[in-house]
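The following dialogue takes a student through the reading of a structural model. Please keep the sequence and the structure in view.

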Amino acid sequence: MGSSTAATTATAAARLTCLSVVAVLVTTACGDDGTAEGEGGRSSPEGYPITIDNCGHEVVFEAPPERVVLLESAPVTILDGIGVFERVQSRAGFFPLEYYDGELAQKVQGAEAFSEDMDASGHLMISQEEVVAQGPDLVLGLPDGVTRAGLEDAGSAVLTQELYCEGNGGEASFDDVHAEIDRYGEIFDRGQEAEGLSNELSDRVAAVEERTRDEDRTAAVLYPSAGGGPLYTYGTASMAHPQLDAAGFENVFADMDERVFEVQTEELIDRDPDVLVVLHQGGREEAQEALLQRSGIESVAAVSEGDIRYQLFNFTEPASPLVVDGLEHIAEHFSARG
């Protein structure tokens, strides 16, 4: 699906001016149509191959991907924002339509859902064989049971969110959103579209910051496990941190440099945030029950005052345009409550 690669539209001028292409990991030479001839005589469009570093792995693209499989929902709005969502072959997992406007929701529904099996914590349950059977040239997401090496051996490139990478450190910011968009723009040869999307998002973040600059309350972002399981919260390596900051709130866990970690109810009571953002994977009522059933939770100011925003997970994590949507939702919700 999608547009043809540059290799099929090279002009006569390109044939006359073809230069040697230095490719990463492969030796190439110019063909008579202006493309680079790689290993085994394969041809790459102008500007390719390219190599992307992802979680410490070098991922090589001989051409813009044409058959994409989604194993997580966060990339949807990036792909759509740079005009390549039509290249999504199929999807697996949970894709709440509340994330998308009407037109994009129809596109998402139109992509074949070949698995929707999720565990109790909201993680996709799928085998590597099921993914390989889709014949993708790019897989987005790497759930348990699926390995990068296995998919690459089957001919599929793999990308996952940098915020999810093992050992990822440092304070998260909206620059992480722009970095993800830029990476997709490079892979799909949509640099101009990526820049436009980033600029639009920057303007929206700035508008929220202007409206909330006089806010002086504290906040925390939580993910309560169902059935009395662990209560998780988010530190500075999570997009929850810059999101709260842009909404005018002080993250009560700003002294924690982890992305997500378990927290005891007693510590949450001690830090006593004025407002809470509670994340869930499509079960608002379940999340509410999982939070409020915890012994002593009513001692938290946000709970006693009812200053809680229940929000779908991707509106806060990981780094995607949905985080800007989530920021706007948070600012509007708590502004309306005064």
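**Reading a predicted model**

Q: Which residues lie nearest the centre of the second largest pocket, and how many line it?

A: Of the 13 residues that line the second largest pocket, Val60, Asp137, Gly155, Ser156 and Ala157 lie nearest its centre. Rolling a probe the size of a water molecule over the atoms shows where empty space is left. A pocket is an open set of points on a 1 Å grid over the protein atoms alone, where a 1.4 Å probe fits, with protein on both sides within 12 Å along at least five of seven lines; lining residues have an atom within 4 Å of a point. This is a predicted model, in which local features need pLDDT of at least 70 and side-chain atom pairs count only at pLDDT 80 or more, while totals for chains, interfaces and linings use all residues. Residues are numbered from 1 along each chain as its sequence is written, and side-chain values use heavy atoms, with hydrogens and water left out.

Q: How much space lies in the second largest pocket, and what classes of residue are in its lining?

A: The space in the second largest pocket is about 260 Å³, where a volume is the space filled by probe spheres set on grid points joined across faces, edges and corners. Its lining has seven nonpolar, two polar and four charged residues. Here Ala, Val, Leu, Ile, Met, Phe, Trp, Tyr, Cys and Pro count as nonpolar, Asp, Glu, Lys and Arg as charged, and the others, Gly among them, as polar. Strand S5 (residues 57–61) gives the largest share of this lining, with four residues.

Q: How many helices and strands are in the chain, and what share of its residues counts as buried?

A: The chain has twelve helices and 16 strands. These are DSSP runs, numbered from the N terminus: helices are H or I with at least four residues, and strands are E with at least two. Of its 338 residues, 50% count as buried; buried means under 20% relative accessible area, exposed over 50%, and partly exposed in between (1.4 Å probe, protein chains only).

Q: Which residues of strand S16 lie on each of its faces?

A: In a regular strand the side chains alternate between the two faces of the sheet. In S16 (residues 308–312), Ile308, Tyr310 and Leu312 are on one side and Arg309 and Gln311 on the other, and all are buried. S16 runs parallel to strand S15 (residues 275–280), with five bridges joining them; two strands pair if DSSP finds at least two bridges between them. Leu276 stands opposite Ile308 in S16.

Q: Which residues of helix H10 are buried, and which are exposed?

A: An α-helix has 3.6 residues a turn, so residues three or four places apart point the same way. In H10 (residues 284–292), Ala287, Ala290 and Leu291 are buried. They are on the same side of H10 because they cover an arc of only 95° around the axis, taken from the directions from the helix axis to the C-beta atoms. Glu285 and Glu289, on the other side of H10, are exposed. Among the elements that cover the buried residues of H10 are strand S11 (218–224), S15 and S16.

Q: What is the phi of Cys55, and where is Cys55 placed?

A: Cys55 has a phi near 55°, a positive value in a residue other than glycine. Cys55 is in the loop between S4 and S5, and its 24% relative accessibility makes it partly exposed.

Terms used: Contact means heavy atoms within 4.5 Å.
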